[in-house]
Structure formats: structure tokens, C-alpha cells
Amino acid sequence: MPLTDVLDFLALHNGKRFALVPHARPDGDALGSAVGLARCLIGQGYNATVVNALPLPGSLDFIADPAIIACHDEADWWRGYDCLGVLDCGDEDRVSTMNRTALGNLPTFTIDHHATSRGLGEAVWIDSAASSTGEMIVRLAEVAGWPMDTQAAQALWTAIVTDTGRFSFENTTEAALAAAMRCVAAGAEPAVASSHIYQSVSVPERRLELIVLERMQLLHDGRLAISWLRRDDFARAGAGIEGASNLIDILRDTKGVEVAVFFYETPTDAKPSAPIKVSLRTRAPHSALDIAVPYGGGGHKRAAGCSLSGNMEEARAMIVEEAGRYYFGEGSRIE
């Protein structure tokens, strides 16, 4: 469905209370697009709130406007709203457990750019050619004739700059750069975003980086890099789950690496049945989706993820063997 379906949905429900939800453990694009859309809607007289976006990475505090973000701990929180907007996510299993309770209970629209997204609700706009959901919100505002205030511009700049890897990934298109320019014209400050996102790494996060580097293994003549974190590593480092969000970049950015795989246990979930989280990054011509999708995951061609049952050793062995066979035409055992 096209952009106009979302605009029609919004017009139909004007005057209603909108709850905007990003995906679980929101990153810069998920939170930035939700905050940016909320600010644009509020500017047009809508009642819009970003709901249950926790836990937030500390690096995104500067766009987390407390005036428009609400956190609820009741399963029927959705009764306080009339409509639901799902941002940067189009599948139920990517919505947080608390926010999932609203699905099926409120009229819903989806805006997302993930290639594997199915969409949720009556109005669905998915554009896998877009660099980010933030870019899509900028386009939505432009088509609708909505001005962006400074807060919306800063949030949407953050969405675009993080999902394009500071304009270094393949998704850095002319459209992405044009959307970013519109954000700057509306008052976004790139230096402020960079200071918070890229120049404010905490000491606990540095400790996690050291563990990941110490465990890094290079396989297939250095073309495949893997590393992992266990639950107690987070405790030793004094870090939360948000500390794991960018650690795979250490592996991907290593010279000669074509495929990077990072495994981690969720620090707040100590159940024996808790899944192992798997993040994948690839360079052309490899697609991360070729490994993530068969295991129920999704994402983008060069950045994807999935969750696996079993223990860490089993997960590592299974994915490394699969990656070796699929990407490099051979099996591989890990130490």
C-alpha cells in the first residue's frame, strides 16, 4: 500500500488519540521516526504520544522528549488511546510484549522500510528502497504539507544518520541525502546528534567492546568474524542490553571481513529457555537475510538478525556452519 493510504487513515481518525510504537529495544531510526512523526502530528492538531519505547539507549536521550513519551505497565494500556501507529516494524514478534497487547484492539497503521516486513493493521506503507523509516516520515510530511519543527527535524535526522551508518552504507541514496538536508533546513543540528550518538560511549560499553575483541574469531581466511557475550558479561561490565546495540560494528569494520556474526544472551532474561540473539552484517554480494530469514528473523540485505533456542555453543556452531556453507561453500568448526 502507498503513502496515501496512511494519510487517508490519519485524516479519517483526526481528533483521535494516537499511540505511536517503535519496535522493541528501539534504535535511532525506530525512536527518531516515532518522535518525528509525533511532533509533526502534534503540529497539525493531532493528539499523539510515543508509547512504551523503553529501554532507551542513553545516546538517544537528546531526542526522547518526555512531553510526548509515555510508559505504561498495565496490559490494557491501549484503552487510553483510539488508534495505533507502528513505526520501523511490521511484524508482531518485533513489537514489545507490552505494546503487542494493543494489536487487534485499535485501528492500526504501519510505516516501515524493512524488506521482510509484512505490515500490521488497516493501512500499511512499506518502502524497502528507503534508507530508513525516518526518511519515509520526512517524505510523508512533505507530501502532506506539514512543516517540521526543530524537535521533529532533530529526531528524523537521527533516524536517517544512524540507519545509513553516518551516510556510509549502500542505502545512502540521493533520496536519503535530500531528506537529511530537509531536516537540517528545518533546524536539525548534525553536530549535536554526533556528540550524543557517536562521541559519548560509556565506560561499561567500552568494557563490553574489550570482551568482544578478546573473543573475536576470524574464520575462512578472515572473511567471517564472530564474537559473543554471555549474560554475566553484561553484569561484569555494569552494562545493560543497550550496550550490545553497536558491538557488531567492531567485527564488520575489521579489514577483510565479509560476514560478521554477533551472538548475545539477553542480560535481563535468565530463564534457561531464553533465546540467543544473533546479529548479522554482510558486505556485497552477501545478504544477511539469507541466514536470518530461515531462522525466523529479518531486517535488511546487509544488516539482519534472528533469535535461536538452545545454548550459546549450539547457536554459534549452527550459524557458523550455515554461514560457511552458504557464503563460502564450505563448513567450518569453531574453537
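An axis here is a line fitted to C-alpha atoms, for helices over the stretch in contact, and an angle between axes runs from 0 to 180 degrees between N-to-C directions. Helices (H or I, at least four residues) and strands (E, at least two) are DSSP runs, numbered from the N terminus. The structure is a predicted model, in which local features need pLDDT of at least 70 and side-chain atom pairs count only at pLDDT 80 or more, while totals for chains, interfaces and linings use all residues. Residues are numbered from 1 along each chain as its sequence is written, and side-chain values use heavy atoms, with hydrogens and water left out.

With these terms in hand, consider helix α4 (residues 133–144) and helix α5 (residues 150–163), whose axes come within 7 Å and cross at roughly 140°. That makes α4 oblique to α5, since angles under 35 degrees count as roughly parallel, over 145 as roughly antiparallel, 65 to 115 as roughly perpendicular and the rest as oblique. Where they are in contact (heavy atoms within 4.5 Å), G134, E135, I137 and V138 of α4 meet L156, A159 and I160 of α5.

The next element is the sheet. Strands of a sheet pair through backbone hydrogen bonds, either parallel or antiparallel. Two strands are taken to pair if DSSP finds at least two bridges between them. Here six strands, in the order β3-β2-β1-β4-β5-β6, form an open sheet with parallel pairing. Because β3 (69–70) and β6 (123–126) stand at the edges, each with a single partner strand, one side of each is left without a neighbour in the sheet. Strand β1 (residues 17–22) pairs with strand β4 (residues 83–87) in the parallel sense over five bridges, and L20 has G85 in β4 as its bridge partner. Helix α4 packs on this sheet, touching β4, β5 (108–112) and β6, and its direction makes about 115° with that of β5.

Helix α1 (residues 3–12) has L3, V6, L7, F9 and L10 as its buried residues, where buried means under 20% relative accessible area, exposed over 50%, and partly exposed in between (1.4 Å probe, protein chains only).
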